[in-house]
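These notebook entries record what I looked up in the structure shown below. They proceed by topic.

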Amino acid sequence: MKLSFGRSLLKVLRAQKKISNRIEKAVAKTRRKTKRSTPRPAKPILVETTAFGSNPGRLVMKSFVPTSRLPKNPALVVLLHGCHQTPESLDAAAGFSKLAKERGFVLLYPQQKRANNSQDCFNWFRPSAVARDRGEVRSIKQMIEHLCERHRIDRSRIFIAGLSAGGAMTGALVAIYPSLFAGAAIIAGMPFGSVRDAMSALRAMKSGATPPPGGWGRPIAEISPEVRAWPPITIWQGMEDRVVKPANALACVAQWLEVQGIVESSGRLEKKPWGSLQSWKVTGERKVALYSVSNMGHGLPIKKRKSVTTLRSVDPYVIPADISAPAEMMRLWGLSRFRV
């Protein structure tokens with residue numbers, strides 16, 4: 001009786017061991033499959049660089065370099081985000097890194113720090129931030145120089161664009177370093193030298209900037225008195241913008257026309273399906289252009305390739321429209337698809 005019971009118990013233990021071994025093998029197999037099927041975390045599209053200069057404006061430098069598809073001397077595109085934006089949100093919604101890969105240019109995204117501005121805005125309204133070789137403009141210039149040296153950038157093909165506060169900072173950079181850029185786009189921005197502090201900036205954005213004594217061209221003429229050649233500039237404005245009043249776009253136009261000695265009445269107005277285009281040429285070259293986009297609020301217009309919900313959830317300041325500012329910039333700047 002005892003012997004029979006012992007044999008039965010032994011059989012049970014052996015069976016349990018077999019079952020346990022099977023379970024362990026199954027778990028190990030599942031783990032191996034899971035490990036193989038689980039994708040590795042994607043590398044960030046934008047790479048941060050910490051050592052690029054003295055960085056007096058205490059900004060962050062981020063860039064995208066399509067090393068697999070890059071010509072010997074690539075162009076450089078500098079993009080300045082707006083308030084409440086990050087380079088990552090702007091890039092994800094507007095697709096500039098994809099354009100850089102397709103067209104073989106280097107992409108630079110200067111980024112504001114929350115410690116400098118609680119709304120993540122570039123401090124375009126502070127004289128110390130936009131003075132020659134000081135503050136934030138100096139930091140951005142250092143970033144550009146760093147990329148030029150590291151990637152043998154074609155210095156005749158450096159372009160810059162900015163949205164909102166970034167648009168205002170774009171105007172400041174072109175005013176101070178005009179020979180550095182081959183083209184610029186100011187999107188829902190403000191005229192250079194229009195204000196001197198945060199409170200007056202908010203009033204000007206909401207109600208329209210007041211021309212300074214001597215006219216809109218004077219702030220630029222004072223900071224760059226000997227400059228005679230300026231890069232072509234496009235100014236973009238949503239006509240339903242409630243953050244930056246459209247009158248400020250007209251002030252930007254007046255500023256760049258005045259500093260270049262272009263008569264306002266010489267412009268050509270064209271009606272477009274998306275709004276209107278007004279342009280001014282000098283010896284056949286378009287030097288200033290105003291893109292007035294109908295039924296659009298505060299932001300960067302981009303072609304309606306995605307649903308409004310999806311696009312605006314990524315970045316509310318990248319707005320589906322009947323015209324794409326990124327595509328138009330690529331066309332104007334001659335950044336065609338790169339062929340290996």
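**Entry 1: the cysteines**

The model is a predicted one, in which local features need pLDDT of at least 70 and side-chain atom pairs count only at pLDDT 80 or more, while totals for chains, interfaces and linings use all residues. Residues are numbered from 1 along each chain as its sequence is written, and side-chain values use heavy atoms, with hydrogens and water left out.

I searched the whole structure for disulfides (a pair of cysteine sulfur atoms within 2.5 Å) and found one. Cys-83 and Cys-121 form this disulfide, with their sulfur atoms 2.0 Å apart. I noted that the pair links distant parts of the chain, 38 residues apart. Cys-83 sits in the loop between strand 3 (75–80) and helix 2 (87–94), and Cys-121 in the loop between strand 4 (105–111) and helix 4 (135–151). Helices (H or I, at least four residues) and strands (E, at least two) are DSSP runs, numbered from the N terminus. The torsion about the S-S bond of Cys-83 and Cys-121 is about 125°, so I recorded the disulfide as right-handed.

I also checked two further cysteines. Cys-148 has a relative accessible area of 5% and is therefore buried. Cys-252, at 1% relative accessibility, counts as buried too.

**Entry 2: the chain overall**

I counted ten helices and twelve strands in the protein chain. Of its 340 residues, 51% are buried. For contacts (heavy atoms within 4.5 Å), I took those between residues at least 6 apart in sequence; 70% of them join residues at least 24 apart. The accessible surface of the protein chain comes to about 17,800 Å², and carbon and sulfur atoms account for 53% of this surface. The areas come from the Shrake-Rupley method with a 1.4 Å probe; for residues, only the protein chains shown count as cover.

**Entry 3: helix 4 against helix 5**

How do the axes of helix 4 and helix 5 cross? I found that the axes of helix 4 and helix 5 (residues 165–176) come within 10 Å and cross at roughly 75°. Axes are lines fitted to C-alpha atoms, for helices over the stretch in contact, and angles run from 0 to 180 degrees between N-to-C directions. The two helices are therefore roughly perpendicular to each other; that label covers 65 to 115 degrees, with under 35 roughly parallel, over 145 roughly antiparallel and the rest oblique. Helix 4 contributes Glu-136, Val-137 and Ile-140 to the contact, and helix 5 contributes Met-169, Ala-172, Leu-173 and Ile-176.

**Entry 4: loop residues**

I placed Ile-45 in the loop between helix 1 (2–37) and strand 1 (47–49). Ile-45 is partly exposed, with a relative accessible area of 48%. Not counting residues up to four places away in sequence, Ile-45 touches Ser-63, Phe-64, Asp-91 and Ser-97.

I then looked up backbone torsions. Asp-133 is not a glycine, yet has a positive phi of about 55°; Asp-133 lies in the loop between strand 4 and helix 4 and is partly exposed at 41% relative accessible area. Asn-295, also not a glycine, has a positive phi of about 55°. I located Asn-295 in the loop between strand 10 (285–293) and strand 11 (300–303), where Asn-295 is exposed at 71%.

Terms used
Buried means under 20% relative accessible area, exposed over 50%, partly exposed in between (1.4 Å probe, protein chains only).
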